[in-house]
Amino acid sequence: MRTLSKSKLLAFRQCPKRLWLEVHQPELREDSAATQASFNVGHQVGDIAQRLYDPRGKGVVIDPKIEGFDVAFARSQDLLQSAQPIFEAGFCAEGALAFADVMLPGRKGGKKVWRMVEVKSSTSVKNYHRDDAAVQAFIANASGVPLTAIALAHIDSSWTYPGGDDYQGLLVEEDLTEDAFGRAEEVRSWIAQAQKVVAKKKEPKGTTGAHCSDPYACGFLAHCQSQEPQAEQPIRWLAGKWSAGLSTHVEALGLIELRDAPDQMLNDRQRRIKAVTLSKKPFFDRKSAAKALAAHKLPAFFLDFETIQFAVPIWKGTRPYQQIPFQFSLHRLSRTGKLAQEAFLDLSGKDPAKPFAQALLAACGDRGPIFVYNAGFETARIRELAERFPRLEPALLALNGRVVDLLPIAREHYYHPSQQGSWSIKAVLPALCPDLNYAALSGVQNGGMAMDAFLEALAKDTSKSRKAEIEQQLLAYCALDTYAMVRMWSAFTGTDLAS
């Protein structure tokens with residue numbers, strides 16, 4: 001019988017096939033950049049937690065990767081006889097093992113007891129966190145630990161970093177003792193079922209679906225999809241929220257092709273996607289698009305932001321996961337059709353928010369429509385800047401009053417077969433303007449890559465030449481976003497741009 005880690009048991013809870021693959025064919029796993037980033041964030045929050053729960057630095061950290069599992073388990077048992085915080089204490093019992101983020105000593109009835117804290121980088125307690133805590137508590141109790149309580153510490157998104165490397169208040173606890181302790185038999189059954197799955201010689205059967213990303217993105221998705229029939233035009237291209245009837249119908253019949261989606265269960269936009277995809281003929285109601293934009297006269301501005309967020313804030317006055325703008329591109333189209341571009345990019349490592357806001361106000365002037373793509377994002381960032389900098393608030397909020405969103409106009413009046421159900425600017429631009437393509441950009445081709453590039457530029461070990469290269473890549477990427485909007489506006493209004 002194998003000894004299964006907590007992560008393996010949680011993989012089983014998500015999908016038995018995932019567990020089998022984790023054990024028998026781990027080389028097939030392909031974690032996305034987003035998954036790897038979430039791992040990095042978890043490690044960062046864990047490091048902060050050790051400082052918060054051990055402010056005097058008297059605790060002990062166990063590292064099973066260096067020490068080996070057997071030594072780690074033995075050291076954990078020895079340290080449980082002490083009275084100091086333990087980080088990554090290991091326990092093994094009943095065919096399962098786990099390592100606790102934080103173990104805190106205490107006394108109850110004259111006897112030494114322990115309180116466990118599991119640390120998560122989320123901003124609330126999720127149902128799968130409760131499973132996590134139940135497994136942790138079960139294994140610790142089964143291995144003989146005098147455990148009296150278990151809590152989950154998560155990030156308080158309303159907390160504001162005061163600066164000075166002071167992170168008191170970043171984490172908030174929720175006690176899960178009663179729930180976790182009451183699920184011992186449930187956890188024992190998970191272990192037994194998981195052991196049966198692992199013992200199978202052949203990979204279990206299973207189909208892909210919503211569970212492949214809930215609660216975690218599964219790194220075996222590509223492998224599992226390769227075993228399934230491949231749709232020529234996948235039904236998943238149907239954008240927007242599916243009705244309950246459509247979801248049930250598709251699942252019951254195992255439909256994968258867009259052509260098999262029943263028209264009577266689709267909304268107008270979904271029917272358009274289906275019709276355009278099957279006919280391979282683009283839909284473009286230029287007249288209606290032009291009418292929707294007719295009220296917005298030149299000069300006009302085309303604006304796009306790039307932002308960064310940190311689970312653990314690094315700048316005073318910012319909150320966990322707050323989206324902080326560090327770059328914008330602005331194209332200005334004059335009454336005569338002349339196009340000019342301005343940009344802001346701060347790679348200094350200091351909080352870019354205030355200079356960003358000041359540069360934005362200077363670039364946008366005081367009149368003319370400001371076109372964006374998905375207005376909810378830019379207007380929310382502008383409101384946040386207004387809240388942080390009261391003296392700039394009236395001028396910043398005035399910008400929001402000028403914002404015009406091109407996204408709903410694109411959704412209503414344009415669709416190309418190549419969009420595959422998406423109206424992101426990355427999907428619409430190459431369809432509408434074949435001479436432009438994000439894939440042709442060097443280094444930075446999407447928002448995620450922009451954030452990664454920004455972080456790399458701020459790293460202490462990044463050379464000046466590499467930082468200069470990153471700067472050019474970020475400027476080119478953001479500029480293409482706003483130029484794409486200019487070209488979209490031109491196509492929608494039937495206006496020729498001055499050469």
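# Notes on the predicted model: charges, strands and one lone arginine

1. Lys 274 has a relative accessibility of 10%, so this residue counts as buried. The scale: buried means under 20% relative accessible area, exposed means over 50%, and partly exposed is anything in between, using a 1.4 Å probe and protein chains only. Before going on, note that this is a predicted model, in which local features need pLDDT of at least 70, side-chain atom pairs count only at pLDDT 80 or more, and totals for chains, interfaces and linings use all residues. Residues are numbered from 1 along each chain as its sequence is written, and side-chain values use heavy atoms, with hydrogens and water left out.

2. What does Lys 274 meet in a salt bridge? Its partner is Asp 263, at 2.8 Å from N to O. Lys 274 sits in helix α11 (residues 268–279) and Asp 263 in the loop between α10 (244–253) and α11, 11 residues apart. Asp 263 has a relative accessible area of 39%, so it is partly exposed. For the terms: a salt bridge needs a side-chain nitrogen of Lys or Arg within 4 Å of a carboxyl oxygen of Asp or Glu; helices (H or I, at least four residues) and strands (E, at least two) are DSSP runs, numbered from the N terminus.

3. By that rule there are 27 salt bridges. One of them joins Lys 6 and Asp 132, with 3.1 Å between N and O. Lys 6 belongs to helix α1 (residues 6–14) and Asp 132 to helix α6 (residues 127–142), so this pair ties together parts 126 residues apart in sequence. Lys 6 is at 14% relative accessibility and therefore counts as buried; Asp 132 is at 2%, so it counts as buried as well.

4. Arg 115 and Glu 173 form another salt bridge, their closest N and O atoms being 2.8 Å apart. Because Arg 115 is in strand β7 and Glu 173 in strand β9 (residues 171–175), the pair ties together parts 58 residues apart in sequence. Arg 115 is partly exposed, with a relative accessible area of 27%, and Glu 173 counts as partly exposed at 35%.

5. Strand β7 (residues 111–119) runs parallel to β8, joined to it by six bridges. Val 119 has Ala 153 in β8 as its bridge partner. Eight of the nine residues of β8 (residues 147–155) are buried, so the strand is largely enclosed by the rest of the structure. Two strands count as paired if DSSP finds at least two bridges between them.

6. Arg 402 is the one I'd look at by eye. Is it buried or exposed? It is buried yet has no salt bridge, and the nearest side chain of opposite charge, Asp 366, is 6.0 Å away. (On charge, Lys and Arg count as positive and Asp and Glu as negative; His and the chain ends are not counted.) Arg 402 lies in the loop between α15 (393–400) and β15 (403–405). Leaving aside neighbours within four places in sequence, its contacts (heavy atoms within 4.5 Å) include Phe 301, Cys 364 and Pro 369.

7. Now the five-stranded open sheet: the order is β13-β12-β11-β14-β15, with mixed pairing. β13 (339–345) and β15 are at the edges with a single partner strand each, so one side of each is left without a neighbour in the sheet. Neighbouring strands are turned by 25° against each other on average, direction ignored. Angles use lines fitted to C-alpha atoms, for helices over the stretch in contact, and run from 0 to 180 degrees between N-to-C directions.

8. Within this sheet, β11 and β12 pair in the antiparallel sense over nine bridges, and Ala 300 stands opposite Leu 333 in β12. Helix α18 (residues 447–458) lies across both β11 and β12, at about 60° to β11.

9. Gln 309 is in the loop between β11 (300–308) and β12 (324–333). With a relative accessible area of 33%, Gln 309 is partly exposed. Apart from neighbours within four places in sequence, Gln 309 is in contact with Tyr 321, Gln 322 and Gln 323.
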